[in-house]
Amino acid sequence: MAAEPAIPESGPRRHAVRLTPLQVPKSSDILADDLRERILRGDFPEETALPPERELVKQTQMSRATVREALRILEVQGLVRVKTGRAGGAYVIRARQIRIPALLETREAIEPFCAQLAARHRTDEDLGRLEAANEAMAAAGTLAEFLQANVDWHVAVAAAGRNELLTGFMLALSRSIYASTDNQGFVDDDVRRTTLKAHRAVTKAIRAKDPDAAGRRMSRHVHSYAEAIMEVEDRTSIEVPEN
């Protein structure tokens, strides 16, 4: 018995495109990130209070629960101290002194792993942030602009790894990283070129989703930086603030 001819489907043709789950940040994370950046750049000086909870709710138009969760995140990251009672509120913690060797050892311990995670989990949006930071570093800008772009790149690597604790940790360290390199005599044109070259090499590995190469290149980058900055430390006894 002959098979009946196939009846063509009616309607528009559809392509079998598979979508991946979208990772949408929580409102509390967005608010915490905004407040953190303001604290790190000095909008809220040490030992001063953030706006009261009810004022944050009014200004941000977020729920009270969201505001409280954002403040809890900042407290866990060591950026604010939350007091209760009549004089309660979230107070920016006074900066303490952190030894340069401790900062460098910490970076060598965690940043290669951050790069490995970034290579596994990065998105096109993450790559855009990394490239934007690299372009800002490549521009012949001021020392402050170069240092900020450098910090932005390192934080973006951590964020691309999708580990909120490591991202928060790198954000908390960002001011110390900035301060440890805030030295015109150290960050000359040669250091700028070397740093940018290293960042582009790590970015290339992250783009290729190669965790081994990303971790290895980041390890080489932060270790070379550690050796260079320790030479400066030996000469000038630099100390940097901890958030």
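Trainee: What makes α6 largely enclosed by the rest of the structure?
Mentor: In this predicted model, 13 of the 18 residues of α6 are buried. Buried means under 20% relative accessible area, so α6 counts as largely enclosed.

Trainee: How do you know what span is expected for α6?
Mentor: The expected span is 1.5 Å times one less than the number of residues. Helix α6, residues 143-160, has 18 residues, for which 26 Å is expected; its first and last C-alpha lie 26 Å apart, close to that value. After α6 comes R162, with a positive phi near 60°.

Trainee: Why are α6 and α8 called roughly parallel?
Mentor: Their axes cross at roughly 20°. Angles under 35 degrees count as roughly parallel, and α6 and α8 are therefore given that name. The crossing is left-handed.

Trainee: Which residues of α6 and α8 make the contact?
Mentor: From α6, L143, F146, N150, W153, H154 and V157; from α8, R192, T195, H199, V202, T203 and I206. They divide into six nonpolar, five polar and one charged.

Trainee: Why are α4 and α7 called oblique instead?
Mentor: The axes of α4 (residues 100-121) and α7 (residues 164-181) come within 11 Å and cross at roughly 135°. Roughly antiparallel needs over 145, and roughly perpendicular 65 to 115; α4 and α7 are therefore oblique. Residues in this contact include I110, F113 and L117 of α4 and F169, M170 and L173 of α7. The contact residues divide into eleven nonpolar, three polar and two charged.

Terms used: Residues numbered from 1 in each chain as written. Predicted model: local features only at pLDDT ≥ 70, side-chain atom pairs only at ≥ 80, totals over all residues. Heavy atoms only, no water. Axes fitted to C-alpha atoms, helices over the stretch in contact; angles between N-to-C directions. Helix = DSSP H or I, 4+ residues; strand = E, 2+ residues; numbered from the N terminus. Contact = heavy atoms within 4.5 Å. Nonpolar A, V, L, I, M, F, W, Y, C, P; charged D, E, K, R; others polar. Buried < 20%, exposed > 50% of the residue type's maximum accessible area, 1.4 Å probe, protein only. Left-handed = near helix turned anticlockwise from the far one by under 90°.
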